[in-house]
Amino acid sequence: MARHPDVQEKDIIQAGRELEDMGKKPNPGAIRAQLGYHGGLMRIKSIWEAFVKKESKSFYLSKAQSSALKPCRTIMPVMRLCLWKGFPVQSSS
């Protein structure tokens with residue numbers, strides 16, 4: 001029968017974030033040390049890498065969504081939004 005994990009996923013992620021806040025690179029060994037040398041290195045590695053991948057994916061998605069629209073100047077003093085590709089903005093006047 002398999003053992004239950006010593007350390008929860010949220011604790012691994014929290015330890016990794018704490019290391020980042022201290023300016024250190026969170027690798028499995030450093031995270032394990034932050035956790036008081038509890039948990040398996042392979043499990044810590046897989047959880048941290050999955051978290052980093054998910055965070056970077058959501059970061060780039062939010063960055064792409066925010067940069068998909070940019071402000072364009074029109075004759076009117078009101079700023080209009082146009083597509084990032086530079087499609088012309090039609091004035092309603």
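We'll start with a helix, then move to the core and a ring pair.

This is a predicted model: local features need pLDDT of at least 70, side-chain atom pairs count only at pLDDT 80 or more, and totals for chains, interfaces and linings use all residues. Residues are numbered from 1 along each chain as its sequence is written, and side-chain values use heavy atoms, leaving out hydrogens and water.

**Stop one: α1.** Select 9-21; helices here are DSSP runs of H or I, at least four residues, numbered from the N terminus. Colour Ile-12, Ile-13, Ala-15, Gly-16 and Leu-19, the buried residues of α1 (buried is under 20% relative accessible area, exposed over 50%, with a 1.4 Å probe and protein chains only). They sit on the same side of α1 because they cover an arc of only 160 degrees around the axis, taken from the directions from the axis to the C-beta atoms. Just after α1, click Gly-23: its phi is positive, about 85 degrees.

**Stop two: the core.** Now select Val-7, Ile-12, Ile-13, Ala-15, Leu-19, Ile-31, Leu-35, Ile-44, Ile-47, Trp-48 and Phe-51, the eleven residues of the largest nonpolar core (buried Ala, Val, Leu, Ile, Met, Phe, Trp, Tyr and Cys joined through side-chain atoms within 4.5 Å).

**Stop three: the rings.** Keep Trp-48 and Phe-51, both buried and three residues apart in α3. Their aromatic pair is tilted, 5.3 Å centre to centre with 35 degrees between the planes; rings of Phe, Tyr and Trp (its six-membered ring) pair with centres within 6.5 Å, and planes under 30 degrees apart count as stacked, over 60 as edge-to-face, the rest as tilted.

Note on methods:
Helices (H or I, at least four residues) and strands (E, at least two) are DSSP runs, numbered from the N terminus.
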